[in-house]
Amino acid sequence: MRILVVEDEVDLAHTLRTGLTAEGYRVDLAHDGRQGLWMARTGVYALVVLDLMLPGLNGYKVCAQLRREGNATPVLVLTAKDGDRDQAEALDTGADDYLAKPFSYMVLVARLRALVRRSAATAPPVLAVGDLSLDVAGRVCRRGGVRVDLTPREFAVLELLARHAGQAVSKGDLLYHAWPDEAYDPNLVEVRVSSLRRKVDTAFRRQSLQTVRGTGYRLVDDRERA
């Protein structure tokens with residue numbers, strides 16, 4: 001599971017990455033608000049840990065902009081600003097939780113786990129991109145109502161693309177999601193995407209699974225082309 005930590009205190013950021021990596025998370029770091037906003041927009045994250053007092057663009061504005069753009073990634077604010085108004089403003093701009101510094105690392109990890117559970121509980125049971133649908137619980141894929149048989153790896157790749165429909169998803173993110181214990185060979189992704197294209201696109205004369213050169217792949221609603 002991938003987390004973005006946006007924190008300008010470099011030592012604290014690296015400490016958080018070390019600790020969260022030991023908990024099994026994959027952690028990316030940003031040290032200013034503009035970089036954090038860009039990474040949150042372009043990456044595929046399960047969670048964002050966000051400081052408020054950031055250079056370039058403060059955490060309030062980062063969170064508010066993500067929510068305006070429809071980015072629903074859970075955000076936990078981690079900051080030295082511990083007043084009631086600070087907390088209220090952070091929550092009003094779209095943050096999901098708030099933890100003041102200094103903080104208990106045990107509590108931080110517990111709150112991250114709670115956000116992951118909450119996010120999973122509110123995720124739609126069926127993901128739809130055009131007439132392509134994925135029943136996540138039943139692990140069933142359909143195109144225009146016709147069932148498409150996928151392997152577990154193919155379903156995992158397509159699920160991540162569907163959860164971020166219209167966005168470019170890197171080969172690294174797909175690899176980490178579908179092969180968490182073997183996340184080292186991007187050729188695994190290329191082979192699965194090639195197979196997926198044959199099953200969900202070529203068989204239906206469609207072009208919804210697109211290659212994004214230099215990045216990875218994206219899934220789009222291509223019904224106007226059909």
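Which helix axes come within 10 Å and cross at roughly 85°? They are the axes of α6 (residues 152-163) and α8 (residues 187-201). The views below come from a predicted model, where local features need pLDDT of at least 70, side-chain atom pairs count only at pLDDT 80 or more, and totals for chains, interfaces and linings use all residues. Residues are numbered from 1 along each chain as its sequence is written, and side-chain values use heavy atoms, without hydrogens and water.

**View 1. Helix α6 crosses helix α8.** Axes are lines fitted to C-alpha atoms, for helices over the stretch in contact, with angles from 0 to 180 degrees between N-to-C directions. Helices are DSSP runs of H or I, at least four residues, and strands are runs of E, at least two, numbered from the N terminus. From α6, Arg 153, Glu 154, Val 157 and Leu 158 meet Arg 192, Val 193, Ser 195, Leu 196, Lys 199 and Val 200 of α8 (contact: heavy atoms within 4.5 Å). By class, this contact has 5 nonpolar, 1 polar and 4 charged residues. Ala, Val, Leu, Ile, Met, Phe, Trp, Tyr, Cys and Pro count as nonpolar, Asp, Glu, Lys and Arg as charged, and the others, Gly among them, as polar.

**View 2. A cis peptide bond joins Lys 101 to Pro 102.** Its omega is near -5°. Pro 102 lies in the loop between β5 (97-100) and α5 (105-122).

**View 3. Arg 139 has a positive phi.** The angle is about 55°, although Arg 139 is not a glycine. Most residues other than glycine have a negative phi. Arg 139 sits in the loop between β7 (132-135) and β8 (140-143). Its relative accessibility is 42%, so Arg 139 counts as partly exposed (buried is under 20%, exposed over 50%, partly exposed in between; 1.4 Å probe, protein chains only).

**View 4. Arg 205 has a positive phi of about 55°.** Arg 205 is not a glycine. The loop between α8 and β11 (209-212) holds Arg 205. With a relative accessible area of 79%, Arg 205 is exposed.

**View 5. Residues nearest the centre of the largest pocket include Tyr 45 and His 164.** The lining has 33 residues. It divides into 17 nonpolar, 9 polar and 7 charged. α5 gives the most, with 6 residues.

Definitions and conventions
1 Å grid on protein atoms, 1.4 Å probe; cavity = no way out; pocket = protein on both sides within 12 Å on 5 of 7 lines; lining within 4 Å.
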